[in-house]
Amino acid sequence: MRIKLINNHRKSSTGVIAGLLFAAGVLGVSPAMASKTIINPADTTVKANSNPIITHKYTADPAAIVHKDKVYLYAGHDEAPARREGYVMNEWLVFSSPDMVNWTEHAVPLAPKDFAWSSGDAWASHVVERNGKFYWYATVTHKDIPGKAVGVAVSDSPTGPFKDARGSALITNDMTTDVDISWDDIDPAVFIDDDGQAYIFWGNTVCHYAKLKDNMTELDGPIKTIKLPNFTEAPWVHKHKGKYYLSYAYQFPEKTAYAMSRSIEGPWEYKGILNELAGNSNTNHQAIIDFKGNSYFIYHNGGIQPDGGSFRRSVCIDRLYYNKDGSMKRVVMTTEGIKPAK
Ligand code: FUB
């Protein structure tokens, strides 16, 4: 067990229980057991000396932002019991860190039940900051419109609490008709370009994108599609030294591939595989950030043993490097993980 309890600021009985359970984890209780019983380990600090970075509970579908010298890591909570082959995801989690090694877990910031129009399923999500507000775009199941949908929640703080910003879904399955599956409107990723225009990318099988209005809670104009080889899901758009990058989950089981462009509107040039299959997980889901002068590739695998796997995933972080021409070097996934960012 690599993560060790350093501090538990919460003095409530819940916090004490959480602390005891973390201690049990250090002494060898499996993460699966711990994740079933920890109630709310809010403001608990853990040290990630290796990959996966969080081992006291299962974490999936990472998204990350840098805000005021800290990284905020958002993840879905994989809660499926051992051997259950299906997603059980009832909440999202948030962690913050000044160096990407020492992480503080905050109180649960958002759950599907916070969207009154949703029936559950905390699938992949993405948070962005605009004008001092934090917008959380999240995949859930719609309770009235068959299929998955994307909602948006808002907060004044990167750690929440977040509230439904619309009272209705931003994107529903009936808004896209390219493929006849109920889960093609998932995995939102929002990108704000240097001119202030925000875009939302999402999809499964087909990669969709649309402009967002300045209020960040309404689409602005038509939904368009981008043709990408073997696009499965999990788009992530970032800009580095003037070039645009669209990385995504490729094939199934999923690798990560990417395309590059000189403009956010494309054309996108496919550049190849960025990351190979991540151990013991049929999905992958990446976030890419720059922090304190380095670039980082954040992803998940099924690496926690004995019960980790495709439905009990864990977030990992490794360094990302660029070639001189701006293309990205293939990620080297490591057990050792990263050194503290200085
Ligand atoms: O976590 C549920 C789904 O699995 C996500 O929405 C996809 O990106 C895949 O990781």
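When residues are sorted by class here, Ala, Val, Leu, Ile, Met, Phe, Trp, Tyr, Cys and Pro count as nonpolar, Asp, Glu, Lys and Arg count as charged, and the others, Gly among them, count as polar. Please also keep in mind that this is a predicted model.

With those classes in hand, look at the second largest pocket, whose lining has eight nonpolar, four polar and six charged residues. This pocket has a volume of about 280 Å³. Of its 18 lining residues, D318, R319, Y321, G337 and I338 are the closest to the centre. Two elements, β21 (294–301) and β22 (314–320), each give two or more residues to this lining, and β22 contributes the most, with three.

Now turn to the largest pocket, with a volume of about 480 Å³. It is lined by 19 residues, and those closest to its centre are F191, W236, H238, I288 and I289. The lining is made up of 12 nonpolar, three polar and four charged residues. At least two residues each come from β3 (58–67), β8 (125–130), β12 (189–192), β16 (231–240) and β20 (287–291).

Finally, which residues are around the ligand? They are D61, Y87, M89, W123, A124, D187, E233, T283, H285, H300 and R313. By class, this shell divides into four nonpolar, three polar and four charged residues. On its own the ligand has 270 Å² of accessible area, and the protein covers 99% of that.

Terms used. Residues numbered from 1 in each chain as written. Predicted model: local features only at pLDDT ≥ 70, side-chain atom pairs only at ≥ 80, totals over all residues. Heavy atoms only, no water. Near = heavy atom within 4 Å. Areas by Shrake-Rupley, 256 points an atom, 1.4 Å probe, with all protein chains shown as cover. 1 Å grid on protein atoms, 1.4 Å probe; cavity = no way out; pocket = protein on both sides within 12 Å on 5 of 7 lines; lining within 4 Å. Points joined across faces, edges and corners; volume = space filled by probe spheres on them. Helix = DSSP H or I, 4+ residues; strand = E, 2+ residues; numbered from the N terminus.
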